[in-house]
Amino acid sequence: MFNLEHAIAEWKKSLRRNPALEDGQAAELETALQDEIEGFVSAGNDPESAFRKAAAAMGPAADSGREFYKAMRTRRSPRPPWQPPRFVPALLWNYVQVALRKIRRQKGYAFINIAGLAVGLACSILMMLWIAEETGFDRFHRDGDSIYRLITEARNENASILDARAPTPAAPALKDEFPEVADFCRFRTNNNYGVRLGDQVSFTEVIGIADPSFFTFFTFPFIRGNPKTSLIEPRSIVVTESLARRFFGDEDPLGKLLNIGRDPYTVTGMIKDIPDNSHLHFACVIPAVNMHEYHHVNFAGWDSRFFSSYIRLAPQTVPAETAAKMSGFLSRKMNKTNVSLRLQPLKDIHLKSDFAFDLNNYHQGSASILALFAIAASAILLLACINFMNLATARSANRAKEVGMRKVTGARRADLVRQFLGESIILSFLGLALALLLLWAFLPLFNGLSGKILSFTRVFRPGLLAAIAGVTLFSGLLAGGYPAVYLAAFQPARVLKGTFAGGERGHAALRKGLVLLQFGLTAFFIFGSIVVDMQMRFIRTKSLGIDTHQVVTLAIPPRQSFLDAVYSNPKILNASQSVPPGTNLRTAPEVTWEGKRPDDNTPFYPSKVDPDFLDTFRAEMIEGRFFSRDILSDWTEAVVVNETAARAMGSDPAVGRRLTMTAMSSQGEVETRTYTVIGVMKDFHQTSLRRAIEPIVFTNDGNQFPYLNIRIGSTAIPETLKFLEDAWNTAVPDRLFPFTYAFLDDRYDAFYQQDRRTRSILGVFTILALFTACLGLVGLAAFVAEKRTKEIGIRKVLGASSHGIVLLQVREFLAWVLGANMIALPLAYFAAGRWLREFAYRVEPGIGPALLATAFSLAIALAAVSYKTIQASRANPADALRFE
Amino acid sequence: MSSKDLIAAPAKAVILSLLLSGESYGYQIIKRVRRVSGGTLEWSHTMLYPLLNQMEREGLIRSEWKTSPENRMRKYYTLTEHGRDELAEEKARWRNVQNALRKLLGPMTAVD
């Protein structure tokens with residue numbers, strides 16, 4: 001029921017609460033309200049609506065107050081004296097003083113916060129450096145955005161094989177057929193020819209072999225010579241500045257002669273050294289036509305793949321449409337249905353290349369590894385921010401009085417939020433200073449672990465500097481935001497009366513949640529590290545099916561005198577001219593056998609070996625026999641297959657069956673022959689354990705292939721290597737070919753180089769994450785112990801033992817850690833499983849790593865909390881209780 | 001100049017002019033302005049009372065709390081001598097403005 005008197009009284013109250021209105025002014029407004037009400041009533045309104053309309057006509061009390069103040073004010077400032085000022089310069093200094101005082105008085109907590117933030121920021125800056133480096137590859141070419149590399153895709157029913165090379169005639173044919181293709185260039189490298197001038201010879205230089213358009217297609221700045229014409233003459237060579245200096249000193253190299261192999265090339269240009277952020281790396285470039293002479297490259301053969309081929313699309317071309325138009329191109333040219341071309345953008349080559357037969361891409365990166373570590377770095381920064389939040393809210397009681405006093409003397413909530421945010425931002429910038437110091441100190445170590453070449457000075461480039469400042473500011477806001485809002489909400493009356501105990505209410509639950517999150521993240525890290533380590537151990541110890549130890553592989557020219565020397569040395573146990581295991585084989589264009597189903601598209605991989613293969617690599621036969629030098633037909637009419645191939649040929653015994661294979665000869669020609677299967681070899685891993693063992697067909701023509709594999713007795717490795725080098729230099733007196741060798745172990749190891757780096761970096765990140773999470777735990781434990789001082793005193797007086805008290809406190813922390821593990825480990829298990837699926841042969845993590853990770857994080861957490869806890873439990877209860 | 005400012009600008013002159021015919025109070029002033037202007041000028045309490053306070057402090061008007069015919073206390077305003085003088089000056093000022101505007105904007109008919 002509406003009561004007019006009561007409504008008017010309430011309206012008056014609201015008016016009188018306005019500090020701008022004097023009593024007389026308020027009284028006058030009240031009479032006006034009465035008049036308005038009477039007016040509306042006499043116009044036929046009921047009392048309630050009359051009151052509402054009258055109140056609306058009077059306007060809000062605040063408006064009246066402001067107008068009265070404006071009309072009556074005597075001071076210059078438009079701000080009424082009862083409103084607090086928005087900005088008080090003197091307070092700013094006070095905020096800084098208070099912040100510094102807090103750091104000074106609570107060194108331990110300040111250390112936890114600053115050190116944690118520093119570690120988190122150092123990781124984040126490191127990742128920013130890394131990302132800036134990795135994403136900056138190949139951006140220096142003019143029109144680089146319209147350059148694409150041709151990737152050849154060959155599909156079969158199980159998988160598709162992506163080859164980084166395109167059929168040799170593909171790029172020119174595309175330019176002829178598609179107006180969208182403005183230009184093309186083919187490129188490959190060789191580092192066996194050697195570059196020489198007189199007696200000087202260098203086999204370490206990478207020689208680029210490219211179409212004459214190379215220097216107009218890509219942008220490598222010329223110091224001498226003309227990019228347009230430098231590669232037109234077949235025997236011309238363009239050198240980098242450092243190669244020129246090496247051979248010619250400070251003389252002008254233009255017009256001088258350099259030999260590649262035996263042939264003289266005229267220097268027609270000198271370019272600046274290749275920048276680090278280029279996937280193409282070479283010391284000199286010669287025209288592609290020479291490939292025909294050296295390698296019998298058939299430039300018209302669609303089955304020959306020697307070059308990485310690049311095309312440039314015309315302006316205003318939509319790449320996706322062009323790619324779609326090209327889709328049937330290769331099938332048509334090669335008369336096959338299962339091949340096609342893909343376009344890979346130039347800027348993706350560095351990070352997104354996982355192809356067979358790629359160039360030896362300079363510092364090849366991996367987008368997924370980069371993403372993994374970016375996430376890891378953010379997680380560590382998050383851990384540090386959580387430390388800050390937890391400690392700030394837990395210790396809020398310490399600041400409650402300050403908040404109360406500030407509010408009583410006129411601070412608004414927003415002022416306090418600003419103050420606390422300012423403090424956390426100051427702390428995060430102190431953390432940044434420490435982070436830069438850490439980064440400067442540890443960057444070389446990281447470069448060693450990751451095989452990267454990150455430079456600290458890059459940090460000071462404006463773009464990155466802004467990003468770093470941004471991340472620091474963000475982490476300051478993230479860490480300080482919640483505590484600031486929480487602290488600023490304290491009610492001064494409760495705080496100052498002393499009825500307030502900070503760090504309680506629902507916020508304790510949130511704190512526990514954050515600790516759970518921290519240890520969950522840490523458990524994730526630990527579990528991941530353990531699984532990666534297990535897989536790496538598995539790879540190292542798994543039997544490959546052959547003996548890879550003490551086998552040296554040489555790339556040899558066909559010199560009988562050298563071979564005779566090798567075979568007559570007693571320290572050399574075996575020698576075999578074969579494609580060495582650890583080499584990616586290329587599929588045979590076609591393999592058929594008696595009884596093959598017409599729809600069977602299983603790819604077969606031919607491998608060229610000689611009769612000594614079996615003994616040299618200690619491989620085993622499970623059926624039939626291996627090649628023999630004494631049986632003439634073995635040279636041309638016999639093949640040996642591996643178990644997988646035998647299985648692929650069906651359930652009938654493979655031995656004795658006829659097999660027809662189309663393959664590439666050493667002359668680069670395609671030929672088809674029919675063989676008899678004479679034996680089945682036990683499976684061994686030809687390549688990385690990422691790939692399942694593939695069907696291999698061994699043919700007995702390894703002597704056509706320039707690899708010599710030598711098994712050396714275990715006691716004589718250095719002297720045998722010396723012997724080999726001497727024999728080499730005698731056999732190849734003009735040093736036309738370098739003496740280079742590789743251990744077979746190393747060839748296999750190279751498959752897992754990236755994985756080993758991942759393991760190292762992940763290990764470091766795990767330690768940092770653990771460190772940061774433990775810092776927070778130490779802080780919380782110290783706080784809890786401090787808060788429970790009196791409780792501990794009473795318990796001790798009543799007869800509790802020290803270790804009972806420790807157990808009481810530690811139990812709670814350990815329960816959090818355990819809970820975090822329970823939540824995080826299933827997720828970690830899932831993530832690790834995804835990584836492991838990249839390997840065809842892998843460990844089954846089982847429950848072991850989970851138990852280990854849990855035990856490890858419990859042990860670390862226990863160590864972190866026990867110091868303060870034990871200290872508290874040992875204190876004399878009299879000291880604790882004396883406060884009463 | 002917003003329409004709110006346009007309404008407030010001549011308010012002082014209007015109040016003085018209304019009080020010339022005798023004492024009045026806030027609510028009555030608002031009603032009379034509305035009636036005489038045919039609803040064109042709609043004054044708010046928020047605007048009026050601070051202005052009355054200010055004019056009183058300037059000595060243009062004088063106020064007195066009196067019992068109204070409805071037997072309620074009400075604040076009545078009357079014109080002072082100084083107020084009469086000010087009214088004459090205000091009128092002259094507004095006339096000048098009126099003339100100037102007529103020349104600048106052309107004759108204003110009712111249709112405009």
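Reader: How many residues make the contact of chain A with chain B, and what makes them count as being in contact?

Author: In this predicted model, the contact takes 21 residues from chain A and 17 residues from chain B. They count because contact means heavy atoms within 4.5 Å.

Reader: Why is the pair Asp35(A) and Arg74(B) called a salt bridge?

Author: The side chains of Asp35(A) and Arg74(B) meet at 2.4 Å, N to O. The rule asks for a side-chain nitrogen of Lys or Arg within 4 Å of a carboxyl oxygen of Asp or Glu, so this pair is a salt bridge. Across the interface of chain A and chain B the rule finds 4 salt bridges. It also finds 8 residue pairs in polar contact, both at pLDDT 80 or more.

Reader: Which elements of chain A give two or more residues to the side that touches chain B?

Author: They are helix H2 (23–42), helix H3 (47–58) and helix H4 (61–72) of chain A. The largest share, 12 residues, comes from H2(A). By class, this side of chain A has 8 nonpolar, 7 polar and 6 charged residues.

Reader: What makes the largest space inside the structure a cavity, and what is its volume?

Author: It is called a cavity because a 1.4 Å probe fits there but cannot get out. About 370 Å³ of space lies in this largest cavity, and the structure holds 7 cavities of 30 Å³ or more.

Reader: Which residues line the largest cavity, and which element gives the most to the lining?

Author: The lining has 22 residues, of which Gln106(A), Asn113(A), Ala392(A), Arg399(A) and Glu423(A) lie nearest the centre of the cavity. H15(A) gives the most, with 5 residues. The lining divides into 12 nonpolar, 6 polar and 4 charged residues.

Reader: What is the volume of the second largest cavity, and which residues are closest to its centre?

Author: The second largest cavity has a volume of about 80 Å³. Of the 13 residues that line this cavity, Trp130(A), Glu134(A), Ile369(A), Lys452(A) and Gln754(A) are the closest to its centre. H6, H13 and helix H25 (753–787) of chain A each give two or more residues to the lining.

Key. Residues are numbered from 1 along each chain as its sequence is written. Chains are lettered from A and ligands numbered from 1 in the order in which they are written. This is a predicted model: local features need pLDDT of at least 70, side-chain atom pairs count only at pLDDT 80 or more; totals for chains, interfaces and linings use all residues. Side-chain values use heavy atoms; hydrogens and water are left out. A polar contact is a pair of N or O atoms within 3.5 Å; within protein, one must be able to donate a hydrogen and the other to accept it, and residues adjacent in sequence count only if both atoms are side-chain atoms. Helices (H or I, at least four residues) and strands (E, at least two) are DSSP runs, numbered from the N terminus. Ala, Val, Leu, Ile, Met, Phe, Trp, Tyr, Cys and Pro count as nonpolar, Asp, Glu, Lys and Arg as charged, and the others, Gly among them, as polar. On a 1 Å grid over the protein atoms alone, a cavity is a set of points where a 1.4 Å probe fits but cannot get out, and a pocket is an open set with protein on both sides within 12 Å along at least five of seven lines; lining residues have an atom within 4 Å of a point. Grid points are joined across faces, edges and corners, and a volume is the space filled by probe spheres set on the points.
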